[in-house]
Amino acid sequence: MTEKEQTILDLIRKNPYVSQQELAQILGLSRPSIANIISGLIKKGNILGRAYILNESQHVICIGGANIDRKFHVKEKAQLGTSNPIYATQNAGGVARNIAENLGRLGLEVSLISTSGADKDWSIIEEASSLYMNLETVTQFPEKSTGSYTAVLDSTGELIIALADMEVYEAITPDLLLKHDVILSRSKCIMVDLNCPKETVQFLCHFAKSHDIPIVLIPVSSPKMNRLPDDLDGVTWLITNRDESESYFHMEINNEEDWKNAVGKWLSLGIANVVITNGKKGSMIGNKTEGIFQVPSIETKEIVDVTGAGDAFSSAVIYSWLEGKSLIEIAKAGSINASKTLQSSYTVRQDLSAEKLQKDMEE
C-alpha cells in the first residue's frame, strides 16, 4: 500500500462520510486523483463500500442510459444488400452516462442512477466511468442485458442506421428511485433522459418541484417524445433537437421563424429554459426573461464521429448554466463542446476539462 493510499484510508476510517472533495483539499490532490486511489482501495478490498459519498454535498444526478456504444465504420460508399468492408470501435456510452462523464471531466460531483446487467458489457462501462462519477447508485439485474447502441457510420462519420437495445432501462421505476431519495433530495440538479419510462420522468418532475431542485429533461429520439410528462410546468431545462420538437408539436420547422416559434411553444408549457438544436444551423435558445436567440454552430472542418456530440452540447449547457452564464454564452459553450467532440473518435472527448472549455470559448 502506498503512503497516499494509507493516508486516505486513515482519513476515511476517522470519518466514513468524508467527501472526495474534502480529501482532495486535505492532500492537495485533484478530485479525480482521489477517486482513482479510492477505486484502487476498493478493488484491493481495503474499502468495502462508499458510505462517504452519501454525505457529499450537492451532486448533479444523471438518470437514464448507460450502455455500450458499438460503431461500425464503413470504409467506402455503403451498399445495402451486400457485405461492406468496415472497421469497428467500442466505447462506453448512453445519454445519461455520457453527460455524467462530461460533467465529471468538467469538475462537477456527479452520481449516475441507471440499471444494467451483471455482464462483461457493464464491467467495460464501469471501468471507463468510475473516475468521473459515483456508480454506487447503479442497480444490476443479472437476468437482463446491459444496454447497447450499435451505429453504422459512413466514411464521413455520418449515421446510416442505429440499433438500440434499451430494454433494461424499463427497470428505472419510481420505486427504484425512492431507494435513492436521500441523494436525490440533496442534489444540485437532476438530469433525466427519456430512456426512462414516462411514469419515472413524471415522478422525477414532481419530486424536483416539491424539493425545489432544478431538473433537466433530455429527449433521446423522436419516438420517445411520448415519454415527456403531461405537465411540464416547473421543468428547468429542456434540451431538444429539431426532429424531436417537430414530432412533439406535429409541425415542421422550415425556417428561422418556425424554429423560434417552436421554442416559444415549449416555453408556453411552463418550461423555464429551452434550447432546440438544428445541426449545422446551430441552436435556438430562450427563456421568458432574456428572450429567444439563435446561436450559430461552430464550423467543424473534419468530422471524425458524430456519436456523443449531442450529449456534449447538453453537458456544456448544464455546466455553463450552473456557472451562471447568460443564455448566449450557454449556447456557445454547447456548440463548442459539440464541435470538439465531432473531431474526436471518442464518445466523450478525452481532453475535456473546465480550463480547456474556457480556453476553447476564448479562442
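This is a predicted model: local features need pLDDT of at least 70, side-chain atom pairs count only at pLDDT 80 or more; totals for chains, interfaces and linings use all residues.
Good morning, colleagues. Helix α1 covers residues 3–14, and helix α2 covers residues 20–27. Their axes lie 11 Å apart, and the two helices pack at an angle of about 130 degrees. As to handedness, α1 and α2 cross in the right-handed sense.

Which residues in α1 and α2 meet? On the α1 side they are Thr7, Ile8, Leu11 and Ile12, and on the α2 side Leu23, Ile26 and Leu27. By class, this contact of α1 with α2 comprises six nonpolar residues, one polar residue and no charged residue.

I turn now to the second pair. Here helix α4, residues 95–105, meets helix α11, residues 309–322. The axes of α4 and α11 come within 9 Å, with a crossing of roughly 50 degrees. α4 and α11 are therefore oblique to each other. The crossing of α4 past α11 is right-handed.

The contact itself may be listed by helix. How do the residues of the contact of α4 with α11 divide into nonpolar, polar and charged? Six are nonpolar, four are polar and one is charged.

To summarise, the α1 and α2 crossing is right-handed, and so is the crossing of α4 and α11. The contact of α1 with α2 has no charged residue, whereas that of α4 with α11 has one. Thank you for your attention.

Technical notes
Residues are numbered from 1 along each chain as its sequence is written. Side-chain values use heavy atoms; hydrogens and water are left out. Axes are lines fitted to C-alpha atoms, for helices over the stretch in contact, and angles run from 0 to 180 degrees between N-to-C directions. Helices (H or I, at least four residues) and strands (E, at least two) are DSSP runs, numbered from the N terminus. A crossing is left-handed if the near helix is turned anticlockwise from the far one by less than a right angle, and right-handed if clockwise. Contact means heavy atoms within 4.5 Å. Ala, Val, Leu, Ile, Met, Phe, Trp, Tyr, Cys and Pro count as nonpolar, Asp, Glu, Lys and Arg as charged, and the others, Gly among them, as polar. Angles under 35 degrees count as roughly parallel, over 145 as roughly antiparallel, 65 to 115 as roughly perpendicular and the rest as oblique.
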